[in-house]
Amino acid sequence: MNAVNALPEPVRQWLIHLETNHRYSRHTLQAYEHDLAQLITLNPDTRLENLREDHIRRTIARLRSQGHQPRSLARALAAWRGFYQWWAPQAGLNENPAKGVRAPKAARQLPKALSVEQTQALLDRPGLPPPESNIEHRDQAMFEILYSSGLRLAELVSLDWRYHRTDQYTSISWIDLPSAQATITGKGGKTRQVPLGRHAVRAIQQWLEVRHTLQPNEPNADTQAALFLGERGKRISPRVVQLQLNKLVHRLGLPVNVHPHSLRHSFASHMLQSAQDLRAVQELLGHANISTTQIYTRLDFQHLAKAYDQAHPRATRKNK
């Protein structure tokens, strides 16, 4: 930490304090050193003890105008806030000037949805034989449900093959094949009903015919109820779902990275492209706020904008 010696004594002592008393990593210390050096550099006429909240806000605004991203600005504020929290009592300062300042919110990343064609290729398995082994039937049912019903990964693995209730066990999520729907307990303990498409129902039926081959001789209550089992006979884990999906994508040679959540995003995007019913998609996804669902309208607009650019004779200006 040679460069720390060039900083004002209070800053130098704080970084040493973090290193010796809190075992901060070298990487974190270097980042904090950089952030505090920026604060000092951008306020050359004001001593550290005289900085106020308006100085902090102006510094953040200036860094943002220079292209700093919200995440790096949040880290800088954390460094400044932490320094003043440690130093203010020692220096007799009345307040922490960075305490009430918040970093600008990061732009919300668009979810990565597959195209309709990519989703069909994933589920129809072109070039591969139909599912044959018990594992293949299980995986086909899992992936069909994710896309058919827009489930979160945690909701998928929580599914039971029917509603179970005993003294030891009560289902929280389960399927009802006769009615082609599932009851899901999602985030915040909220329960919703979602439909199961005909492809999903057929895939589940085929899996249930061989499910017993993975069930242990003496299953516990959770294993008896679980819709999907791993090779060791226990309820399947989210990690196994991800690995099996990656294997299938690799076998099919699809040029995309697919996560189980990608199928939930694809469900929402394709539903909006077809039905244009934001409220219905919100209910199916189990979103508490419609603002969360509205992000998929941006995906849909991108799809429409691309089609417009390709088809409309006056969509783009030709170079002269």
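Of the 320 residues in the protein chain, 42% count as buried, a term that here means under 20% relative accessible area, with exposed meaning over 50% and partly exposed in between (1.4 Å probe, protein chains only). The model is a predicted one, in which local features need pLDDT of at least 70 and side-chain atom pairs count only at pLDDT 80 or more, while totals for chains, interfaces and linings use all residues. Residues are numbered from 1 along each chain as its sequence is written, and side-chain values use heavy atoms, with hydrogens and water left out.

The protein chain holds 14 helices and four strands, taken as DSSP runs numbered from the N terminus (helices: H or I, at least four residues; strands: E, at least two). Among contacts with a separation of 6 or more, 58% join residues 24 or more positions apart; contact means heavy atoms within 4.5 Å.

Buried in α8 are Ala200, Val201, Ala203, Ile204 and Trp207. These residues lie on the same side of α8 because they cover an arc of only 165° around the axis, judged by the directions from the helix axis to the C-beta atoms. They pack against α6 (134-149) and β2 (173-176), whereas Arg198 and Glu209 are exposed on the other side of α8.

Threonine 119 belongs to helix α5 (residues 116-124). Threonine 119 counts as buried because its relative accessibility is 1%. Beyond its neighbours within four places in sequence, threonine 119 is in contact with Leu114, Tyr147, Leu263, Ser266 and His270.
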